[in-house]
Amino acid sequence: MKRDKLVKAAEKLLEESIIYYQQRPVGTVAAQDSEQESLNYDQCFVRDFVPAALVFLIQGKTDIVRNFLVETVTLQKQERIIDCYQPPPGLMPASFKVESMGDKEYLNADFGEQAIGRVTPIDSCLWWMILLRAYVKATGEISLVHQEEFQAALHFILDICLGPQFEMFPTLLVPDGACMIDRPMGVEGYPLEIQALFYAAMRSARELLLPNEEGKAWINKINNRLGSFIFHIRFYYWLDIQQLNQIHRHKGDEFGEDVVNKFNIYPDSIPNWLTEWMPDRGGYLAGNLGPGRMDFRFFALGNLMAIIASLTSEEQSRGIMDLIEERASDLLGRMPMKICFPAVEGLAWQIITGSDPKNTPWSYHNGGSWPVLIWFLMAAALMVGREDLGDKALAIASPRLLEDQWPEYYDGKNGRLIGKAARKNQTWTIAGFLLAHLLRENPSQISLFSFAEDTEAAACAIPQR
Ligand code: GLC
């Protein structure tokens, strides 16, 4: 299959996935698979729409993105309702759907109260801010964001992210399944994906806030938080062979302010697989870090987004790409890219997933391979001058995606099998593939959603390890 034909086929499917509301395009369905029960795959998911939106912005089809942003502002909850089962102010929906009553259309949003397991979509409001900035960068229409409704929406999100909390960490504390991995997978606490999105969202907000009194106060809060946040991630989440050696020789139960093993990570918690798997060259950010607990699994979206947002230092970003290269057979396999590595199995699978039959080892969120991740990989690769890795991923995926009808995910240690319950014609698989191509052809478009090293926050004061 020639590249152009493949791109044309993907573009046609993307066009067909568009949802119309009052005759205006407002989003895309998650999948167009007539052979399976649609559940909520006929809805527009905020996170799934992002790669499609970026494709549209790059192609100059900015209307659909504008309409999406305008409509989602009206869906955001802006007041606390006494019922505890209602979404808190600031939250953006996981997904929404166009419904009709008589000849009137309306949007029905799901904030997790209908979702399987009632998971909270915390990433939605973060993606929303990242996309809003991308829209402004692509169109120059800053006046949209300066509208009262948009400023209020930003304030509500900032309030929920930066407001008073019990925590004494700069990272964001969230429940399990609050992001792309929206089923129990032991990603509660301080999961990397949320942290990387939180960072990119805060940097977006800083550019979008009107610098009036309220806006300035938020900018100060953001800068205070990001200074310690960036230090926390770069210093405490980073894993490479030197760091592993240090943890291996950590003392436990140290008391006081100046201890080395601040989070009391016991050496015995280093999983056996990691001592062999960690390459001599490169490293990655751990999946999670909290008191007495480090999740040593490699999570793709969080690591790649950390590079894209310059949350990692330049050296760390290069290190992550080196690790992906060194461990390509595990992480890229026969279908880039693994959502996380390795899978949890046996008793750990029973405890962590609650014996979830969809998240069995090497399937779906539990070590499955998700083609949508190719766009993150391409963007991160271009950021650090490793386009060879992005090209490699596209070369592996391209021959299969169309033939397999753009599956949602693949199964197996090397991603050879189409996912057990994968939807076909999954929109973000299609859009992710197109976006990877568009970025490769025109790398400057990365600036729509990427960030340079921060010079504004107190980040400059980060001590060296
Ligand atoms: C699954 C994925 C989630 C995605 C949704 C729609 O629930 O885990 O990340 O948004 O499907 O595609």
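Q: Which residues surround the ligand?
A: In this predicted model, the ligand has around it Ala 30, Tyr 41, Phe 45, Arg 47, Asp 48, Met 180, Asp 182, Tyr 364, His 365, Glu 408, Gln 426 and Trp 428. A residue counts as near if one of its heavy atoms lies within 4 Å of the molecule.

Q: How does that shell split by class?
A: There are 6 nonpolar, 2 polar and 4 charged residues. Ala, Val, Leu, Ile, Met, Phe, Trp, Tyr, Cys and Pro count as nonpolar, Asp, Glu, Lys and Arg as charged, and the others, Gly among them, as polar.

Q: What is the distance from a ligand oxygen to an N or O atom in the side chain of Asp 48?
A: It is 2.5 Å. For the Asp 182 side chain the distance is 2.8 Å, and for Tyr 364 it is 3.4 Å. A polar contact here is a pair of N or O atoms within 3.5 Å.

Q: How much of the ligand does the protein bury?
A: The protein buries 95% of the 300 Å² that the ligand exposes when taken alone. Areas are from the Shrake-Rupley method with a 1.4 Å probe.

Q: Switching topic, how many disulfides?
A: The search of the whole structure gives 0, a disulfide being a pair of cysteine sulfur atoms within 2.5 Å.

Q: Where does the numbering start, and what confidence is needed?
A: Residues are numbered from 1 along each chain as its sequence is written, and side-chain values use heavy atoms, without hydrogens and water. Local features need pLDDT of at least 70, side-chain atom pairs count only at pLDDT 80 or more, and totals for chains, interfaces and linings use all residues.

Notes: A polar contact is a pair of N or O atoms within 3.5 Å; within protein, one must be able to donate a hydrogen and the other to accept it, and residues adjacent in sequence count only if both atoms are side-chain atoms.
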